[in-house]
Amino acid sequence: MRECSPLSRRALLGLAAAAVPLTATAPASAAGARSAGTNSAGTSSAGTGVVGGERLGLGGVQVRAAGLPKKLTAEAWLVADRDTGEVLASYNAHRRLAPASTLKMLFADTVLPKFAPEQRYKVTEADLADIPSGSSLVGVQAGTTYTVEQLWQGVFLRSGNDAVHVLAHMNGGVARTVAEMQARAEYLHALDTHVVSPDGFDHKGQISSAYDLTLFARAGLRNADFRRHCGTRTADFPAGGKKTFQIQNTDRLLTGAWGLRPYAGLLGVKNGYTTHAGNTFTGAATRGGRTLLVTVMHPAEGSNAVYEQTAALLDWGFGAGRAAQPVGMLAAPGGPKDTRPTVSPLPSAHPAHASTTPPGPSTLRLAEGAAGTAALLGAGAWALLRRRRASTAGAPAEAAPTGRRRARATDSPAETVPQQGGRRRASAPEPPTEAAPQQSGRHRR
């Protein structure tokens, strides 16, 4: 019995080890299963959180109310309450798409507070040298002096990439401005966004989402100068010397251009178009003391569709949407980096950012561990039984009865434990160490 006692203590320790994960970590595993998704590599990812709430990480329409507009052809859209941050409805909220000039909202939110409106700046040839070919321009000229106020009018009203690049050079250069915009996006929890240029032009890898663009609009509207610029319909812009010319805002819901009526209560915010991105728009409007934000990205039709669908979603939000229960939240900016919300991979070709926090063990992995422990205890019990028999018969342990299998430290029990992916492996006396789950879907460049 002295020979058997240590084995019995090991068996008890094994039972205790098996019981702890099944009781202490079961709730975390259940939560992980609820947020499980498939990343771009097609592998399973569990235990990650989604910025704004789990439902916003799902594809398709997310809403808890009736009466949504029927003709919505955009690849992604979102309706949110600016003040409460409640997301009232969405479609592919975290799908990553080319943002076009709506990315200028992030540029303005990042750079606008740095310079006084009355500050003057004389533009050089170098300031205009890196503007992408085919860009929208307001007409900035090298050798002419502009106020910061006028440059921002060129950004907001005409979406002028020339004005953007002048302000970026004033800010220390395009590269520095891009880095600051990326940092600002992360501070706002806009983790779907990857900034390549400050102007939103078609560049490889430049992406954002309906959720992120809505965050940029919400943050920008907290700035009085931002609100004033995005709501300005016309302005006089320097033409050299003492001459000026009038510029008009290209936001058709604000001005009522191209056969559209101005939307009642519209505050702005920013439209965009490129051949790759198609039409994008984020608008904000106030009615009855309530301000709503709507982002629409890439509708199937061109021309006025992005504005018409934005107006329809605003109408819904001010109408039937008043009874809608939120399907998510706009994240509040800031917070320690290790506590910021993260995005789980989406079940689509456009995964969102994966969590930086390793997920907890899944229910299946806990089951595997428990089965492995049970197999170990079974092998130990069999060895104990043989030792007792050998001791009784006065023979060594190797002299097992004919027909019985010899127990060895590396032997596996007859039963096997299924693994994820359909493959099966024989349980070993000690379960092998699991590989750390890969973090995919992140684009932290």
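The model is predicted: local features need pLDDT of at least 70, side-chain atom pairs count only at pLDDT 80 or more, and totals for chains, interfaces and linings use all residues. Residues are numbered from 1 along each chain as its sequence is written, and side-chain values use heavy atoms, with hydrogens and water left out. The mean pLDDT of the protein chain is 75, and 64% of its residues reach 70 or more. Residues 1–47 have pLDDT below 50, with 47 contacts in the model beyond near neighbours in sequence. Where pLDDT is low, the predicted coordinates should not be read in detail.

The secondary structure of the protein chain comprises eleven helices and 15 strands. Helices (H or I, at least four residues) and strands (E, at least two) are DSSP runs, numbered from the N terminus. Of the 445 residues in the protein chain, 47% are buried. Buried means under 20% relative accessible area, exposed over 50%, and partly exposed in between (1.4 Å probe, protein chains only). The accessible surface of the protein chain is about 20,800 Å², with 55% belonging to carbon and sulfur atoms; areas come from the Shrake-Rupley method with a 1.4 Å probe, and for residues only the protein chains shown count as cover. Among contacts in the protein chain with a separation of 6 or more, 66% join residues 24 or more positions apart.

Strand 4 (residues 76–81) is mostly covered, with six of its six residues buried. Ala76, Leu78 and Ala80 point one way from the strand; Trp77, Val79 and Asp81 point the other way. Strand 4 pairs with strand 12 (residues 290–297) in the antiparallel sense over six bridges. Two strands pair if DSSP finds at least two bridges between them. Leu293 of strand 12 is the bridge partner of Ala80. Strand 4 also pairs with strand 5 (residues 86–91), again antiparallel, over four bridges. Val79 stands opposite Ala89 of strand 5. Strands 4 and 5 form a hairpin with four residues between them, and Gly85 in the turn has a positive phi of about 80°.

Helix 4 (residues 148–158) is largely enclosed by the rest of the structure, because nine of its eleven residues are buried. Trp152 and Phe156 are among the buried residues. Ser159 follows helix 4 and has a positive phi, near 55°.

The largest nonpolar core has 61 residues, of which Val140, Trp152, Tyr211, Phe216 and Phe226 touch the most other members. A nonpolar core is a set of buried Ala, Val, Leu, Ile, Met, Phe, Trp, Tyr and Cys residues joined through side-chain atoms within 4.5 Å. Helix 7 (residues 210–220) supplies the largest share of this core, seven residues. Another core, of 24 residues, lies apart from it and includes Ala89, Leu266, Leu313 and Trp316.

Arg55 is found in the loop between strand 2 (44–45) and strand 3 (61–63). Arg55 is partly exposed, with a relative accessible area of 25%. Beyond neighbours within four places in sequence, Arg55 is in contact with Gln62, Val63, Arg64 and Val327. The side chains of Arg55 and Gln62 are joined by a polar contact of 3.0 Å. A polar contact is a pair of N or O atoms within 3.5 Å; within protein, one must be able to donate a hydrogen and the other to accept it, and residues adjacent in sequence count only if both atoms are side-chain atoms.

Key
Contact means heavy atoms within 4.5 Å. pLDDT is the predictor's confidence in each residue, from 0 to 100.
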